[in-house]
Amino acid sequence: MPKIIVEIMPKQDLLDPQGKAVANALHRSGHPEIVNARIGKRIELHFDRDITSEDMANAEKLASSFLSNDVIEDVVAITKE
Amino acid sequence: MKIGVITYPGTLDDRDAQRAIRLAGGTPVPLWHADQDLKKVDAVVLPGGFSYGDYLRCGAIAAKAPATQEVVRLAKQGLPVLGICNGFQVLVESHLLPGGLIRNEHQHFICRDQKLRVENTNTAWTNLFEQDQEITIPLKNGEGGYIASPDTLKMLEAENRVVFRYLDVNPNGSMNDIAGLTNERGNVVGLMPHPEHAVEPGFGPDTDIAMRSGIDGLKFFQSVLKALVNS
C-alpha cells in the first residue's frame, strides 16, 4: 500500500525526558558507549492509490500544522514509500 | 450566566468544572466536542483530562474538534475561555496561547497541592484576586512543563501575560516558573493546576485552619461571572 512517512523529532535543544530515561537505562544495562538517545515519532499516511506530488505537498502542510508542533518539534523527513 | 464545559473523549474533570460553576453561582452547560453549537454560552471552560487519549500530543486532536474551532473563533471576539490542565494544552495547541507543554522534566506524573502567586488580576478569570496573592490549588499532570522561545518569553513577561507562577516548588520544570498565561485581551486564561478541585470546604487542599478547607479555586469562577455582569 503506498504511503507517506512523516518523521518528527523533539527539537534539538529541548530536553527529551523520554530519550533521557532510555539513555540512562542503556547506561545501567552496560552500554556506556551510547552517549545519548532521543525519541521521536514516525507517522504513516496510507493511500489506496498512487501518491501524487499534490499529496506530498498536502502532507508537508499537515506535517507542520497538525502532525507536529513547531514550538517543541521538528519535522525531519517526509518520504514516500 | 451560562458557562459551557466541553467534554472530549477522555475528559475527566468536566463534572468537577460544572460543579465549580454551580457553586460560584453560574449555570453550567455541558457541551460536546463534536458539536459546533456552543448553545449561546457566555463563557467556556476547557476541562482537564486526557482528550483523545493524549494521542499525537496532549490537546492536539482536541484543538481540531468542531467545538474547539468555534471556541477559537469566539475567543477572538472576546468570549471568556478558561483552559485547565488538558484545557491549557488545547489552548496552546489551538494557538490561542503561545508556547508549548512538554513532559515534566523529572518524567513523573505529579499530584500535589500547589502554591501559586497571582501575577495578573486584569483577566476575566482573576479579577477577584489581589495582585501577588498566594493561593493553593491542586496540581496533577504528566506533561506540564511550559516552554517557549526566548522571544516569546520576553514578550509574555513584558506584556504581563504570566497570570500564575509556581511558588516554593516548580513541579514540572516550567520556564520562568510559569503556571498560567493569558492572551493579549485577557479573556483567555490557561493554567496547569486545577482550580475546580478547590471550590468547596471538605474537598479542597489543606489550609492552616482545617484539613481540606481550601477554596481558592472558587474565585476563578466568581471572577468570570463578575466580568460578564460588568461587560
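Colleague: Which residues does His33(B) touch, once residues up to four places away in sequence are not counted?
Modeller: In this predicted model, His33(B) touches Ile6(B), Thr7(B), Tyr8(B), Pro9(B), Tyr52(B), Ala65(B), Pro66(B) and Ala67(B). Each of these counts as a contact because heavy atoms come within 4.5 Å. His33(B) itself sits in the loop between β2 (27-32) and β3 (43-46) of chain B.

Colleague: Why is His33(B) called buried?
Modeller: Its relative accessible area is 11%. Buried means under 20%, so His33(B) qualifies.

Colleague: How far apart are His33(B) and Ile21(B), in sequence and in space?
Modeller: They are 12 residues apart in sequence, and their C-alpha atoms are 19 Å apart.

Colleague: Is Glu70(B) buried or exposed, and how do you know?
Modeller: Glu70(B) has a relative accessible area of 14%. The limit for buried is under 20%, so Glu70(B) is buried. The residue lies in helix α2 (residues 66-75) of chain B. Apart from neighbours within four places in sequence, Glu70(B) has contacts with Gln36(B) and Leu38(B).

Colleague: What makes you say that strand β9 (residues 162-166) of chain B is largely enclosed by the rest of the structure?
Modeller: Of its 5 residues, 5 are buried, so the strand is described as largely enclosed.

Colleague: How do you know that β9(B) pairs with strand β6 (residues 110-118) of chain B?
Modeller: The two are joined over 3 bridges, in the antiparallel sense. Pairing requires at least two bridges, so 3 bridges are enough. Leu116(B) is the residue opposite Tyr166(B) of β9(B).

Colleague: How many bridges join β9(B) to strand β10 (residues 178-182) of chain B?
Modeller: There are 3 bridges, and these strands run antiparallel. The requirement is at least two, so β9(B) and β10(B) count as paired. Here Val162(B) faces Leu181(B) of β10(B).

Colleague: Why is Asp168(B) called exposed, and why is Asn176(B) called partly exposed?
Modeller: Asp168(B) has a relative accessible area of 70%. Exposed means over 50%, so Asp168(B) is exposed. Asn176(B) is at 35%. That value falls between the limits of 20% and 50%, so Asn176(B) is partly exposed.

Colleague: How do the axes of helix α1 (residues 14-24) and helix α5 (residues 218-230) of chain B cross?
Modeller: They come within 9 Å and cross at roughly 60°. The crossing is right-handed. On α1(B) the contact is made by Ala20(B), Ile21(B), Leu23(B) and Ala24(B), and on α5(B) by Leu218(B), Phe221(B), Gln222(B) and Leu225(B).

Colleague: How many residues of that contact are nonpolar, polar or charged?
Modeller: The contact has 7 nonpolar residues, 1 polar residue and no charged residues.

Colleague: Which residues touch the most other members of the largest nonpolar core?
Modeller: Among its 66 residues, they are Val45(B), Phe164(B) and Phe221(B). Helix α5(B) supplies the largest share of this core, 6 residues. Beyond four places in sequence, the contacts of Phe221(B) include Ala20(B), Val45(B), Leu82(B), Trp125(B) and Val199(B). A second, separate core has 10 residues, including Phe47(A), Ile51(A), Ala59(A) and Leu67(A).

Colleague: What is the strand order of the open sheet in chain A?
Modeller: Its 3 strands have the order β2-β1-β3, with antiparallel pairing.

Colleague: What makes β2 (41-46) and β3 (73-80) of chain A edge strands?
Modeller: Each of them pairs on one side only. From one strand to the next the twist averages 20°.

Colleague: How many bridges join strand β1 (residues 3-10) of chain A to β2(A)?
Modeller: There are 6 bridges, with the strands antiparallel. Ile4(A) is opposite Leu45(A) in β2(A). Helix α2 (residues 53-67) of chain A packs on the sheet and touches β1, β2 and β3 of chain A. The direction of that helix makes about 160° with that of β3(A).

Definitions and conventions:
Residues are numbered from 1 along each chain as its sequence is written. Chains are lettered from A and ligands numbered from 1 in the order in which they are written. This is a predicted model: local features need pLDDT of at least 70, side-chain atom pairs count only at pLDDT 80 or more; totals for chains, interfaces and linings use all residues. Side-chain values use heavy atoms; hydrogens and water are left out. Axes are lines fitted to C-alpha atoms, for helices over the stretch in contact, and angles run from 0 to 180 degrees between N-to-C directions. Helices (H or I, at least four residues) and strands (E, at least two) are DSSP runs, numbered from the N terminus. A crossing is left-handed if the near helix is turned anticlockwise from the far one by less than a right angle, and right-handed if clockwise. Ala, Val, Leu, Ile, Met, Phe, Trp, Tyr, Cys and Pro count as nonpolar, Asp, Glu, Lys and Arg as charged, and the others, Gly among them, as polar. Buried means under 20% relative accessible area, exposed over 50%, partly exposed in between (1.4 Å probe, protein chains only). A nonpolar core is a set of buried Ala, Val, Leu, Ile, Met, Phe, Trp, Tyr and Cys residues joined through side-chain atoms within 4.5 Å.
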